[in-house]
Amino acid sequence: QVQLVESGGGLVQAGGSLRLSCAASGRTFSTYAMGWFRQAPGKEREFVAAISRSGGRTMYADSVKGRFTISRDNAKNTVYLQMNSLKPEDTAVYYCAAAAVTLTWRVIIASSQYDYWGQGTPVTVSS
């Protein structure tokens, strides 16, 4: 059982930066791959980024590649999403998620791989 709490969302101008944090409960954080998803109003939840248990592997959606960076600090039970060069189309509620088992790394983009989800933190990018 893992509880995830996102923070750091807010309002930012296009071209600006924002860093999201996701704090996880428990002592088993390092056993979970972690991901970020987002959902804009009227749209389906979509994959943003993921990071492996040790942090050695990362994966990004094409729409954010080169602009967003996912990282984790297992000692702090925290995963981060650094968002740079933000665009209005990045506006969404951003969710942190934890995956206990990943048999194949490439499927980490699928929401079905994740066992626990945070409450979400809204990000609004104005033009």
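1. Start with the largest nonpolar core: among its 40 residues, Leu4, Met34, Trp36, Val79, Leu81, Met83 and Tyr94 touch the most other members. A nonpolar core is a set of buried Ala, Val, Leu, Ile, Met, Phe, Trp, Tyr and Cys residues joined through side-chain atoms within 4.5 Å; buried means under 20% relative accessible area (1.4 Å probe, protein chains only). Strand 9 (92-99) is one of the strands that each supply at least two residues, and its six residues are the largest share. Strands are DSSP runs (E, at least two residues), numbered from the N terminus.

2. A friendly reminder: this is a predicted model, where local features need pLDDT of at least 70, side-chain atom pairs count only at pLDDT 80 or more, and totals for chains, interfaces and linings use all residues. Residues are numbered from 1 along each chain as its sequence is written, and side-chain values use heavy atoms, leaving out hydrogens and water.

3. Now find Glu6, in strand 1 (residues 4-7).

4. Finally, look at Phe37 in strand 4 and Tyr114 in the loop between strand 9 and strand 10 (116-117), 77 residues apart. Phe37 is buried, with a relative accessible area of 1%, and Tyr114 is buried at 6%.

Terms used. Buried means under 20% relative accessible area, exposed over 50%, partly exposed in between (1.4 Å probe, protein chains only). Helices (H or I, at least four residues) and strands (E, at least two) are DSSP runs, numbered from the N terminus.
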